[in-house]
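Visitor: I am new to reading protein models. Could you take me through this one, step by step?

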Amino acid sequence: MENGLAGGLSRAEKNQVIRNYGGDCIIMSLLSGASISLTPPGHMLTPNMHARGRRVCLLVGLVLLLSIGDLVTTVMLLQSTGMEEANPIAAFVMQSGSVTNLVIFKMGSVLTSLSVILLLRHRWQGELAAWVAAVILCV
């Protein structure tokens, strides 16, 4: 067996992995375009890795919802009473006076970060990043 799903597995083996571990393999294939290794060479996706992937996906959903709420609150405050942004990069973007630029910046940075976390969702680093993001947004 070579690199995860990258050519080292027969079609039947790939189908078995997909049946055993749900849509994670399909999602990774779609995100990557074709043949990146889901796991280190010579390893299969274990049940623990699959459970971690589910936790990370739930945390990513939570972070996305909290980020949208933060963005809506920010825009409402900007348009009503005014406010000072704590993030210096966002504050710089807000100096243009365009709400559209702020929305593009905030959602772009959130979606980029969450994409990286999703790509790492089967590794402890991805789960740690998801927990840190969720805690920061909840505080």
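Visitor: What percentage of the residues of the chain count as buried?
Guide: Keep in mind that this model is predicted. To count as buried, a residue must have under 20% relative accessible area. The chain has 139 residues. Of these, the buried share is 29%.

Visitor: How much accessible surface does the chain have?
Guide: Carbon and sulfur atoms hold 65% of this surface. The total for the chain comes to about 8,600 Å².

Visitor: How many helices and strands does the chain have?
Guide: Start at the N terminus and read along. The elements run α-α-α-α-α-α. The count is therefore six helices and zero strands.

Visitor: What share of the contacts with a separation of 6 or more comes from residues 24 or more positions apart?
Guide: Contact here means heavy atoms within 4.5 Å. Take the contacts in the chain with a separation of 6 or more. Residues 24 or more positions apart account for 66%.

Visitor: Which residues does Ala130 contact, leaving aside its neighbours within four places in sequence?
Guide: In general, nonpolar side chains tend to be buried together in soluble globular proteins. Leaving aside neighbours within four places, the contacts of Ala130 are Val56, Leu59, Val63 and Ile117.

Visitor: What distance does H3 reach from its first C-alpha to its last?
Guide: H3 has 33 residues. At 1.5 Å a residue, 48 Å is expected. The model comes close to that, with a reach of 48 Å.

Visitor: Is Ser67 buried or exposed?
Guide: Ser67 lies in helix H3. Beyond neighbours within four places in sequence, Ser67 is in contact with Val110 and Leu137. Its relative accessibility is 9%, so Ser67 counts as buried.

Visitor: Which other residues in H3 are buried?
Guide: An α-helix has 3.6 residues a turn, so residues three or four places apart point the same way. In H3, the buried residues besides Ser67 are Met49, His50, Gly53, Val56, Leu59, Val60, Val63, Leu71, Thr74 and Val75.

Visitor: How many salt bridges are there?
Guide: Side chains of opposite charge can pair when their charged atoms come close. The cut-off is a side-chain nitrogen of Lys or Arg within 4 Å of a carboxyl oxygen of Asp or Glu. By this rule, the count is three.

Visitor: Which residue meets Arg52 in a salt bridge?
Guide: The N to O distance in this pair is 2.9 Å. Arg52 lies in H3 and its partner in H6, so the pair ties together parts 75 residues apart in sequence. Arg52 is partly exposed at 22% relative accessibility. Its partner, buried at 11%, is Glu127.

Visitor: Which residues are linked with Arg52 in a network of salt bridges?
Guide: Glu127 also meets Arg55, at 2.6 Å from N to O. Glu127 is in H6 and Arg55 in H3, so this pair ties together parts 72 residues apart in sequence. Arg55 is partly exposed, at 35% relative accessibility. The residues linked with Arg52 are Arg55 and Glu127.

Visitor: Which residue forms a salt bridge with Lys106?
Guide: Lys106 is in H5 and its partner in H3, 36 residues apart. The N to O distance is 3.3 Å, and the partner is Asp70.

Visitor: What distance separates the C-alpha atoms of Arg123 and His50?
Guide: Arg123 sits in the loop between H5 and H6. Arg123 is partly exposed, at 42% relative accessibility. Along the chain, Arg123 and His50 are 73 residues apart. Their C-alpha atoms are separated by 9.9 Å.

Visitor: How many disulfides are there?
Guide: A disulfide is a covalent bond between the sulfur atoms of two cysteines. Cys57 is partly exposed at 31% relative accessibility, and Cys138 is exposed at 55%. The rule asks for a pair of cysteine sulfur atoms within 2.5 Å. By this rule, the count is zero.

Conventions:
Residues numbered from 1 in each chain as written. Predicted model: local features only at pLDDT ≥ 70, side-chain atom pairs only at ≥ 80, totals over all residues. Heavy atoms only, no water. Buried < 20%, exposed > 50% of the residue type's maximum accessible area, 1.4 Å probe, protein only. Helix = DSSP H or I, 4+ residues; strand = E, 2+ residues; numbered from the N terminus. Areas by Shrake-Rupley, 256 points an atom, 1.4 Å probe, with all protein chains shown as cover. Expected span 1.5 Å × (residues − 1).
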